[in-house]
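These are my notebook entries on a single protein chain. I record below what I looked up in the coordinates, entry by entry.

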Amino acid sequence: FLKKLTCFKQFGYNNIVDFGLKSYEITQNLLTCKMKNTKLINILKTFSEEEMKLFEKFLASPFHNSGKNCTPMFRVMKKYYPDFNTDKITYENLHKKLYPGSKFNKQVMWNLSSAMEKMTKEFLEQVALRKDKFARMGLAISEFSQRKLAYNYSQALGEMEKVIEKT
């Protein structure tokens, strides 16, 4: 018992009850966590107005979004763009807006947030690819090669050589 008490005191707790109360407080903070410092919010803060519009289209596209439907959550969150600096962005508040009348489920919200974060990363990959013609050409050449499309491969390779010569 004394070893356990000494252990709790090392971390600033007088006893197991203090430790339990602090653990409960931490858990409650996680449940109602303000989302303003999450990875998702930090990524969304970097989006331009145009990128916010494009991202909404990206989320709505069945080609890009075959998993969870993040569009409703994004539509609620984008109201707080560009700084997302508000206490209203919590998992609980988002849950209330997305699932009115149902009991708060933290796992559902974490899963949805995680899915949207994944979608932001995929969106940024697409944004980067749009900017890099050389990378797009290289990917097309590789795909033509794997599919054994000799004519398309040769044509794309010729186009890439022209781009290289210009630089």
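I looked up M116 and found that, apart from residues up to four places away in sequence, M116 touches L40, F55, C70, M73, F74 and M77, where contact means heavy atoms within 4.5 Å.

Basis. I note that the model is predicted, that local features need pLDDT of at least 70 and side-chain atom pairs pLDDT 80 or more, and that totals for chains, interfaces and linings use all residues. Residues are numbered from 1 along each chain as its sequence is written, and side-chain values use heavy atoms, with hydrogens and water left out.

I counted nine helices and zero strands, taken as DSSP runs numbered from the N terminus (helices H or I, at least four residues; strands E, at least two). Of the 167 residues, 28% count as buried, meaning under 20% relative accessible area with a 1.4 Å probe, protein chains only; exposed is over 50%, and partly exposed lies in between. Among contacts with a separation of 6 or more, 58% join residues 24 or more positions apart.

I located F47 in the loop between α3 and α4. F47 counts as buried because its relative accessibility is 2%. Neighbours within four places in sequence aside, F47 is in contact with M52, F55, Y81, T120, F123 and L124. From F47 to P82 I read 8.1 Å, C-alpha to C-alpha, across 35 residues in sequence.

I found T90 in the loop between α5 and α6. T90 is classed as buried because its relative accessibility is 8%. The T90 side chain reaches the backbone nitrogen of N93 at 3.0 Å.

Which residues line the largest pocket? I listed E51, L54, K57, F58, H64, F123, Q126, V127 and R130. Two or more of the lining residues come from each of α4 (49–60) and α7 (106–131). A pocket here is an open set of points on a 1 Å grid over the protein atoms alone, where a 1.4 Å probe fits, with protein on both sides within 12 Å along at least five of seven lines; lining residues have an atom within 4 Å of a point.

How values were computed: Polar contact = N/O pair within 3.5 Å; in protein donor to acceptor, adjacent residues only side chain to side chain.
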